[in-house]
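Open your viewer and get ready to select residues by number. We will go stop by stop.

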Amino acid sequence: AEGTAGPSSVTFTSANWNTPQTVTITGVDDFVVDGAVAYSIVTAAATSSDLNYSGLNASDVSVTNTDDDTAGFNVSAISKNTTEPGGTATFTIRLTSQPTANVTVGLTSSNTAEGTVSPSSVTFTSANWSTPQTVTVTGVDDDLDDGNVAYSIVTAPATSGDAAYAGLNPSDVAVTNADDDTSGFGLSTISGNTTESGGTATFSIALTAQPTANVTVGLTSSNTAEGTVSPSSVTFTSADWGTPQTVTVTGVDDFLIDGAVAYTIVTAAATSADTNYNGANPADVPVTNTDNDASGITVTPTPGLTTTEAGGTATFTVVLTS
């Protein structure tokens, strides 16, 4: 298992007895980290009809076979990024030499909020040590606009009865989890027109990503003579950020024949300790207030008035309708 000799025997005659015959020793490769191994080329007792040589035993030859194996791990790079919707990536791991006992390496994620790893460990035997084992990393979704986050698959020091591998630690594997969240606002369209008779319309507003701090948006009307808005602001927390909040717009009456008047619910720039949201400005919401006025003259009363020849009077009123 360490070396072979050739030829397997040498024969001398009365003609070539004093000509040296060369024996070649060839090292044999193995995959075990066994260091430099000493062995011998064993010379058997001579066989000959010459009684002076028959049974004479030449000295054995000592040899050392130098090792070319090193205990270690071959860990590939990650195949790609993981993604928050659960996109996966893989890498492989194998040993660089044959172990004399099973070798187990534990695998964990440095940030389980960004990625998980499967399996939780890999074990190599003297039979499968050179076969790469595939490790799968799966991205974990969150609702934060936290960008692409780097994390690692942590390889634990190996456990093994092979002293060359026991405690040997493969390189950790760098991974990036690609974000799928964008800070912003989701606004519905207005449900309808407001009216001068006090008719209302509504729209809703929610955040598109979970904030790290409260987010407040002020709400005002661009024309309070046509419509008012309630509430005057909406505040979202990290708990209710995705729940739409309803905003009610109420039409204001006037006495002018001004037709349907367009105005806007103005959304102020957000205030928040979350830098992704602070200063972000949702889109304003257009509204129309429907007119309820018409041109006309009202005379009251028109029948039944009585005056007298003695100068008695009666009255009626005249008023415009707008």
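Which residue in strand 21 does Thr228 stand opposite? Select Thr228, then look across to strand 21: the residue there is Thr250. Keep in mind that this is a predicted model.

**Stop 1**

**Stop 1: strand 19**

Now colour strand 19 by face. Which residues are on its covered face, and which on its uncovered one? Gly227 and Val229 make up the covered face. Thr228 and Ser230 make up the uncovered face.

**Stop 2: strands 18 and 20**

Select residues 215–221 for strand 18, and residues 233–236 for strand 20. Strands 18 and 20 pair in the antiparallel sense, over 4 bridges. Click Val217: it stands opposite Val234 in strand 20. Val234 also belongs to the covered face of strand 20, together with Phe236. Ser233 and Thr235 are on the uncovered face of strand 20.

**Stop 3: the largest pocket**

Select Val10, Thr11, Phe12, Ala44 and Ala46. Among the 27 residues that line the largest pocket, these lie nearest its centre. How is the lining divided by class? It has 16 nonpolar, 10 polar and 1 charged residues. The volume of the largest pocket is about 900 Å³.

**Stop 4: two cis peptide bonds**

Most peptide bonds are trans. Here are two cis ones to zoom in on. Start with Gly6 and Pro7: a cis peptide bond joins them, with omega about 5°. Pro7 sits in the loop between strand 1 (3–6) and strand 2 (24–27).

Then jump to Ser118. Its peptide bond to Pro119 is cis, and omega is near 0°. Where is Pro119? Look in the loop between strand 9 (115–118) and strand 10 (121–124).

Methods
Residues numbered from 1 in each chain as written. Predicted model: local features only at pLDDT ≥ 70, side-chain atom pairs only at ≥ 80, totals over all residues. Heavy atoms only, no water. Pairing = 2+ DSSP bridges. Buried < 20%, exposed > 50% of the residue type's maximum accessible area, 1.4 Å probe, protein only. 1 Å grid on protein atoms, 1.4 Å probe; cavity = no way out; pocket = protein on both sides within 12 Å on 5 of 7 lines; lining within 4 Å. Points joined across faces, edges and corners; volume = space filled by probe spheres on them. Nonpolar A, V, L, I, M, F, W, Y, C, P; charged D, E, K, R; others polar.
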